Amino acid sequence: MPADLSGTWNLLSSDNLEGYMLALDIDFATRKIARLLKPQKVIEQNGDSFTIHTNSSFRNYLVKFKVGEEFDEDNKGLDNRKCKSLVIWDNDRLTCVQKGQKKNRGWTHWIEGDQLYLEMFCEGQVCKQTFQRA
């Protein structure tokens, strides 16, 4: 049975956000602001259907998907690229592969104890984030 990621999660730590954003060609000013933010994730899970809200004082991002179904993702407000995304369960980890202009791009979410982990990857750069349930 896949994990239940539902809940509200507050960012505790972020490692290599700068390297990840450089791989996405995000401009200097946006990178500087992003490093200061403490985003909150709100994950709504209904079976294999997900809605993930990432909220901060600078920008908000919303993605909706169903596990196993490829979808068009518009990363407006992030790096402003469009890509084809596919999310799958890899044991208890929710993993997304994003196909588009950038190579080897995607993310993985999983829970250990009372913390949510997120690894975002792009062109060899990996940002590791840890969230605490609110």
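Start with the lining of the largest cavity: its residues divide into one nonpolar, four polar and five charged. Keep in mind that this is a predicted model.

Select the lining itself. Pick Asn-75, then Arg-81, Lys-82 and Cys-83, then Gln-98, Lys-99, Gly-100, Gln-101 and Lys-102, and finish with Arg-105. Together these residues line the largest cavity.

Now color by secondary structure. Which elements give two or more residues to this lining? They are strand S6 (82-90) and strand S7 (93-99).

About 40 Å³ of space lies inside the largest cavity. How many cavities of 30 Å³ or more does the count give? The count comes to one.

Select Cys-96. Cys-96 is in no disulfide. Draw a distance to Cys-83, whose sulfur is the nearest cysteine sulfur, 7.0 Å away. Is Cys-96 buried or exposed? Cys-96 counts as buried because its relative accessibility is 0%, and the cut-off for buried is under 20%.

Move to Cys-122. Cys-122 is in no disulfide either. Its nearest cysteine sulfur is that of Cys-83, 10 Å away. Cys-122 also has 0% relative accessibility, so Cys-122 counts as buried.

End on Cys-83. Cys-83 is one of the residues that line the largest cavity. Its sulfur is also the nearest cysteine sulfur to that of Cys-96 and to that of Cys-122.

Note on methods: Residues numbered from 1 in each chain as written. Predicted model: local features only at pLDDT ≥ 70, side-chain atom pairs only at ≥ 80, totals over all residues. Heavy atoms only, no water. 1 Å grid on protein atoms, 1.4 Å probe; cavity = no way out; pocket = protein on both sides within 12 Å on 5 of 7 lines; lining within 4 Å. Points joined across faces, edges and corners; volume = space filled by probe spheres on them. Helix = DSSP H or I, 4+ residues; strand = E, 2+ residues; numbered from the N terminus. Nonpolar A, V, L, I, M, F, W, Y, C, P; charged D, E, K, R; others polar. Disulfide = S-S within 2.5 Å. Buried < 20%, exposed > 50% of the residue type's maximum accessible area, 1.4 Å probe, protein only.
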